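Work through the following exercises with the sequence and the 3D view side by side. Each task is followed by a solution that goes step by step.

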Amino acid sequence: MDSNEQAIINKTDELNKLAWDVRVKDSNKALQLSEEAISLAKEVNYIRGMAEGLRTLGFSYIRMSKHTEAKQLLNDSMELFIQLNDQCGESDVNEYLGIIQRSVGDYKGSLELLYKALELRRQNGYVDGESLSLYHLGVTYKYLGNLEKALECFLQSLLIAKEINYWVSESYSLNNIGGVYFELGDYDNAVKYFEESLAIRNSTGDKWGEAGCLDNIGYSHFRKENYKLAKTFCENSLAISCDVGDKKGEANSLFHLAEINFKTNDYNIARSFADKSLRIREHIGDKKGQAELNLFLAEITLANEGDKNYNDEKLTFLNKALSLGEETKALDLLYKIHKGFYNAFKESGHYAEALAHLELFNEIEKEIHSNTINQKILNLEINHKVEQSKKETEIYRLRNVELASLYEEGKKQQQEIELQKLHLEQTIDELKATQSQLIQSEKMASLGELTAGIAHEIQNPLNFVNNFSEVNTELIAELKEEIQAGNHANVIALANDIANNEQKINHHGKRADAIVKGMLQHSRSSNGVKVPTDINALGDEYLRLAYHGLRAKDKSFNATMNTDFDATIGNIDIIPQDIGRVILNLITNAFYAALLPPLVSGGVLDPGYKHEPTVWLSTKKVGDKVFISVKDNGQGIPQKILDKIFQPFFTTKPTGQGTGLGLSLSYDIVKAHGGELKVETKEGEGAAFIIQLPYQLS
């Protein structure tokens, strides 16, 4: 080798080292240096120079979200490192290929490559690389929604980084520990870790990292509803990302600015930012990011409810999001998409589709967060594990026996937390089973009230049928006697009486038939189809059903019923079975409430006062709305529980006498009809529940 070739090799090594050292904080410069190194290495066929140059150039292309080009460069680099038997170089390439797979949504492939890199680095004592591998594994687990595993990786990475004073993985891990806190809704702690990471990035001149931290801080303030401050941080992040050419960072900041403007009702600006972010994510092949944007755009369409097609547009965006979400298998995103479908179908009255997506939402949410208390447990785990990490760092640095003992105690505490977590999961499963039983109980209770009312309604016409049948039997016997005696005048008279009775039997039989058909129509399951319905007749029927249903349970029950129907309403388009259930529930509640005398000062009634339980049912048309009011003269609803009465499973009835689902289901039914269910009450003077429905003349 002549001196000129050696000079080129030396220059190549120098350029590659510079490129490697600045790859994180100045990827554009690293790109230029590595391209120059590759060019020089090719002149003298310097394999190591080409391998290292291609490796750093591939990383720089990843930073610019040019994944296809980056993958080819890295594959070429891998062949050269294998030829050199350089396992550390192979581990770097595996890590970068793992990042690419994560970026395109292949999380399984990402984990395989990252674990391969980690194994090679541990075998070769490549400690700073080991720290980075753990960090990237944490990121991929975070994308998969496995926050506990992600946290474990970040803490291991942080521990090594502090031990060897390696700022890259230390700042990265701190930033992502903040990200875990963010996912759990602890935004104050999230900001604390983001700011700690930002300080390291600022001190090292890492502009890419600085932009990411600023965006994370801004988004945390957004979640805390501090929109002005959030906007400032995200705009600063966007400016830096555009300046350094970080397309992924640019897309993130644009998306977060879109969310901020949406929350401040600047819908057009929000849509503009979202469209720009979506175009970038489509360009760089970020499928999970595309799914997030489509889910967000589906939400934006709600701001345009004046457009009749808004729900169709929302479903279009949701279908795109679902397709991308299923392709990337991102569970943390899929359960949000199914929740979006549930809300969309529920709002449009497609309850079967809504239920199907709600079940998928619950199934995935359970897989991600095994129960609603899991968040609190994970917060405890974070506090415990972060403190544990600090203790472990001191053990490594000081070899302090006392702190080592504390660490062992911490491990025991962790085992106790895991045991508590298991018990809590079992408790939640039992609660969910109980909730399902309560819902079925509510349905059966409603059916029982209907059945009792129907039985009473048909009893009167059946009594008439039986009585007139018995009379006719007697008259026929007399008729035979008169025929034998030859008394033609009496025969004709008896025949006329029998004919009249038959007409009455026929009349009351038809009346019983009409009652049964009408009541069964209202009691059977809803088919979801609106039909023209006489709301006054419907209300009157269910008032009687509710009254007789309660009388069937308690013979001593008695109450006054007053009605005031607006005859000008006519028929309106509703689902009669559903609205009938609402009216039945409100009237039944009103009868229960009316039985309790109103409270007075000191809890003592006037000895001469006689409480007469009374329920009023009225209808009224005002403009383009119809109002149905159910009022009682009971004790009224206390202000302290007024905001809870429409919540599922909230009840004031004694244990075993109510599921707490009636008002919640009624509220949902009225909402699905495009109406509202409100309550007016004053303690001591009763309560009035008012159904407001859109008036549509049939």
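**Exercise 1. Is Arg121 buried or exposed, and which residue forms a salt bridge with Arg121?**

Step 1. Arg121 has a relative accessible area of 1%, which means that Arg121 is buried (buried is under 20% relative accessible area, exposed is over 50%, and partly exposed is in between, with a 1.4 Å probe and protein chains only). The model is a predicted one, in which local features need pLDDT of at least 70 and side-chain atom pairs count only at pLDDT 80 or more, whereas totals for chains, interfaces and linings use all residues. Residues are numbered from 1 along each chain as its sequence is written, and side-chain values use heavy atoms, with hydrogens and water left out.

Step 2. Arg121 forms a salt bridge with Asp92, and the closest N and O atoms are 2.6 Å apart (a salt bridge is a side-chain nitrogen of Lys or Arg within 4 Å of a carboxyl oxygen of Asp or Glu).

Step 3. Because Arg121 lies in helix H6 (residues 107-123) and Asp92 in helix H5, the pair ties together parts that are 29 residues apart in sequence (helices are DSSP runs of H or I with at least four residues, strands are runs of E with at least two, and both are numbered from the N terminus).

Step 4. Through salt bridges that share partners, Arg55, Asp92, Glu95 and Arg121 are joined into one network.

**Exercise 2. Describe the link between Arg55 and Asp92.**

Step 1. A salt bridge of 2.9 Å, taken from N to O, brings the side chains of Arg55 and Asp92 together.

Step 2. Arg55 belongs to helix H3 and Asp92 to helix H5, so that the pair, 37 residues apart, links distant parts of the chain.

Step 3. Arg55 is buried at a relative accessible area of 8%, and Asp92 is buried at 2% relative accessibility.

**Exercise 3. How many salt bridges does a search of the whole structure find, and which parts does the pair of Arg48 and Asp86 tie together?**

Step 1. The search of the whole structure finds 19 salt bridges.

Step 2. In one of them, the side chains of Arg48 and Asp86 meet at 2.9 Å, N to O. Arg48 lies in helix H3 (residues 47-63) and Asp86 in the loop between helix H4 (67-84) and H5, so this pair ties together parts that are 38 residues apart in sequence.

Step 3. Arg48 counts as partly exposed, because its relative accessibility is 28%, while Asp86, at 15%, counts as buried.

**Exercise 4. Which contacts does Arg102 make, given that Arg102 is buried yet has no salt bridge?**

Step 1. Arg102 sits in helix H5 (residues 87-103). The nearest side chain of opposite charge is that of Glu95, 8.3 Å away (Lys and Arg count as positive, Asp and Glu as negative, and His and the chain ends are not counted).

Step 2. The side chains of Arg102 and Thr140 are joined by a polar contact of 3.1 Å (a pair of N or O atoms within 3.5 Å; within protein, one must be able to donate a hydrogen and the other to accept it, and residues adjacent in sequence count only if both atoms are side-chain atoms). A polar atom of the Arg102 side chain also lies 3.0 Å from the backbone oxygen of His136.

Step 3. When neighbours within four places in sequence are left aside, the residues in contact with Arg102 are Tyr107, Ser110, Leu114, His136, Val139, Thr140 and Tyr143 (contact means heavy atoms within 4.5 Å).

**Exercise 5. How many residues of H15 are buried, and which residues does Phe296 touch?**

Step 1. Helix H15 (residues 287-300) has 14 residues and reaches 20 Å from its first C-alpha to its last, close to the 20 Å expected at 1.5 Å a residue (the expected span is 1.5 Å times one less than the number of residues).

Step 2. Since 11 of the 14 residues of H15 are buried, the helix is largely enclosed by the rest of the structure. Among the buried residues are Leu293, Phe296 and Ile300.

Step 3. Not counting residues up to four places away in sequence, Phe296 touches Phe255, Ala258, Glu259, Phe262, Ala270 and Ala274.
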